[in-house]
Structure formats: structure tokens, C-alpha cells
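Here is a walk through one protein model, from its strands to its charged pairs. Keep the structure open beside the text.

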Amino acid sequence: FFFFKQKTAYEMLRSLVGSEMCIRDRERSLQADFCFIKAWKADKQGNLIFRRSAVNFAPEFASASKVCIAEVEEIVEDGELEPERIQLPGIYVDRVVKWSGYQKIIEKLAFSEEGQDSKGPPQKPSLRDKIAMRAAKEIKEGMYVNVGIGIPTLIPQYTPKDLDFTLQSENGVLGVGPYPKRGEEDADLVNASKESITVVPGASFFSSSKSFGMIRGGHIDVTFLGALQVSKTGDVANWIIPGKSVKGIGGAMDLVNSGSKVIVAMEHVNKDGSLKIIDECTYPITGAKCCSIITVSYTHLRAHETPEHLVCRLLLEKKK
């Protein structure tokens, strides 16, 4: 233990870091007046539990708000929830509302084809499939892997059946499995792209903040992303097209700066024919010099092998 006398935390931090600091004595975090969260069950003390991947940022929202209103599927008597299963203590919850007649909706229903193995290439792979097949070769035994939206979602099905690796989803799932069969989908089991999923034996669920703790702590071995642009030095731009609205930045900025290996899987041109690999990104970048490998239409490129250029290591089979 360390004991400091007559020094504030700010003063101690300043003495360690130096006089030029971004922290200011009067800066304070924002506190919301109200937050509205969704949970599975509540007891009469306001203790909450969540179902499967539906935790999201709810515990953090509740702890950072003056008044938390929770909508739940079921209210039970005190003592019916096992204490070790409670994910949000009632001290953070001010109101509990039980809903009825509400239909859960899965925003992006995704299914595995009947009779198709969850891993393995289709008989007639498309160009996107070929890109995913090559990118999948970068997954090694025992890796923890994060895949983004677009072509990266195709990658896991092209890994060898006997390859042991673990898929992580930013919304709080470790051990993501293949898409469900029709009729087996669960509205409380989705990935960060809001697609229906399954989980593998040994999977776990947790809050989004813990998920980003895994990412920021460097526990993810490889990240697969789509991109709008990639520069010759490995800069990646994938979160916004200027002038178009977006729902949010997403988790890519954390992923590309986490220390994990970053692989971009994309087609080499946009729908309008403009190139995606350029000298310098013209869109706001997600991360600077963060990309190690780019797998694009017909080509497998590596960044940082030379100061000024991308290096072609493989030509993929051209579309006939």
C-alpha cells in the first residue's frame, strides 16, 4: 500500500506525468438525468439480471444516471434471484416496469443453410468468398478473434474444422458460433452487427464495457475489418463517409489501437468504381498505420514492409 499526505490524486498524477496535462481540476464527467434500460428479470429490491447477449452497456448507463428506469419481462419476489447471478444491484435502479405483449425483434435475421456445414466453402464461391477464404488463413490455433461487418463475417466459416479459436463480439459474447438454423433464432442472442447467432460450448456473456476491456487490454489476437479506404502506409478509414449520417463511431477505433493484428478484408473498389487503396485517406481515419494485412480483390497485401509502399505477397485467382 502507498500512502500520500496532503496531495490530491490530480497533484500526484501531475507529478508523475509532468506539467502539460489534459486533465483539469474542474473537468467532470457528464451525468444523465434519466436512463432507460431493458433487463430480463427483477426482484422487488430492483436487482436485475439480463439474458444472454442482452447486457450491452446497461450497467454502465444505470450507474452514470440520476434516475434509472428498467423495463423487465418478469418481476419476482426477493430471494428468488440467486445473489451471484445479479448483474446490476438495485441501488442503481429507481423504477421497474413490467412489460407484456411486447414482441422481441431481431434486426438482422441470419441463418445457416439447411444441411450445410457451419464451416466450409460454397461450391461456387463468389469474389467476396475468395477474399474471406484467404483472410481466414491468418487465423492460427488458440487465437481470440474479432470480426467486423461485411466480408469479415464470412471468414469464420472458411477455417479448418479442427482449428481451435475463439470468436469475440463487442456487445459481450466470447465464443460466438455459426448462424442458427431457421426456427432456432433467439432475440437475446445476437452479435455486434445485430445478426442472430449461436454460441459454442464454453461461451460466456458479459457487458460491453468488459468486452472493450478485453480489446483495450490487448487480449484479442487478430481483428478483421472492412474499410472504406486504406492508405499506402496502413491508415484505415472505415467509420464515416463525410456528409452521410452514421449511428455512431462503433468499436473499430478501439480495435485498431489495441495492439492486435489488424487485417482489412474488402473489395478493391467502391460501387462507383473509385479505388479503396490510395496514397492518403481522404475520409476521416479510424487508425493511423494500424493495418498489417489487406486482402482485397485478387490481391493479398502487407503493410509496413517498406516505408512508402504496400507489398503484394499473393495474387488471388481472378474472377472468370
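Two strands pair if DSSP finds at least two bridges between them. Helices (H or I, at least four residues) and strands (E, at least two) are DSSP runs, numbered from the N terminus. The model is predicted: local features need pLDDT of at least 70, side-chain atom pairs count only at pLDDT 80 or more, and totals for chains, interfaces and linings use all residues. Residues are numbered from 1 along each chain as its sequence is written, and side-chain values use heavy atoms, with hydrogens and water left out.

Start with the whole chain. It holds five helices and 18 strands. Of its 320 residues, 40% count as buried. Buried means under 20% relative accessible area, exposed over 50%, partly exposed in between (1.4 Å probe, protein chains only). The chain exposes about 19200 Å², and carbon and sulfur atoms supply 52% of that area. Accessible areas come from the Shrake-Rupley method with a 1.4 Å probe; for residues, only the protein chains shown count as cover. Now take the contacts (heavy atoms within 4.5 Å). Among those with a separation of 6 or more, 68% join residues 24 or more positions apart.

Next, a sheet. Strands of a sheet pair through backbone hydrogen bonds, either parallel or antiparallel. Here three strands form an open sheet in the order β3-β2-β5, with mixed pairing. Its edge strands are β3 (48–49) and β5 (74–76), each pairing on one side only. Strand β2 (residues 41–43) pairs with β3 in the antiparallel sense, over two bridges. Ala 42 has Leu 48 of β3 as its bridge partner.

Now the interior. A nonpolar core is a set of buried Ala, Val, Leu, Ile, Met, Phe, Trp, Tyr and Cys residues joined through side-chain atoms within 4.5 Å. The largest one has 23 residues. Those with the most contacts inside it are Ile 139, Val 145, Ile 155, Phe 165, Val 222, Phe 224 and Ala 265. At least two core residues come from each of α3 (127–136), β9 (173–176), β11 (222–225) and β14 (261–265). Helix α3 supplies the largest share, five residues. Apart from this core lies another, of 18 residues, including Ala 227, Val 236, Leu 255 and Cys 290.

Strand β14 deserves a look of its own. Four of its five residues are buried, so β14 is largely enclosed by the rest of the structure. It runs parallel to β11, joined by four bridges. Leu 225 has Val 264 of β14 as its bridge partner. Strand β16 (residues 293–296) also pairs with β14 in the parallel sense, over three bridges. There, Val 264 has Ile 294 of β16 as its bridge partner.

Which residues of helix α4 are buried? In α4 (residues 208–216) they are Ser 208, Ser 211, Phe 212, Met 214 and Ile 215. Seen down the axis of α4, they fall within an arc of 145°, so they line one face of the helix. That arc is taken from the directions from the helix axis to the C-beta atoms. What covers them includes β8 (166–169) and α5 (252–256). On the other side of α4, Lys 210 and Arg 216 are exposed. After α4 comes Gly 218, with a positive phi near 80°.

Finally, the charges. A salt bridge is a side-chain nitrogen of Lys or Arg within 4 Å of a carboxyl oxygen of Asp or Glu. By this rule the count comes to 12.

Take Glu 73 and Lys 38. They form a salt bridge whose closest N and O atoms are 3.2 Å apart. Glu 73 sits in the loop between β4 (65–72) and β5, Lys 38 in strand β1 (residues 32–38), 35 residues apart. Both are partly exposed: Glu 73 at 22% relative accessibility, Lys 38 at 28%.

Arg 52 and Asp 186 form another salt bridge, with the closest N and O atoms 3.2 Å apart. This pair links distant parts of the chain, 134 residues apart: Arg 52 lies in the loop between β3 and α2 (58–63), Asp 186 in the loop between β9 and β10 (199–205). Arg 52 is partly exposed, at 30%, whereas Asp 186 counts as buried, at 15%. Salt bridges link Lys 38, Arg 51, Arg 52, Glu 73, Lys 104, Asp 186 and Asp 188 in a network.
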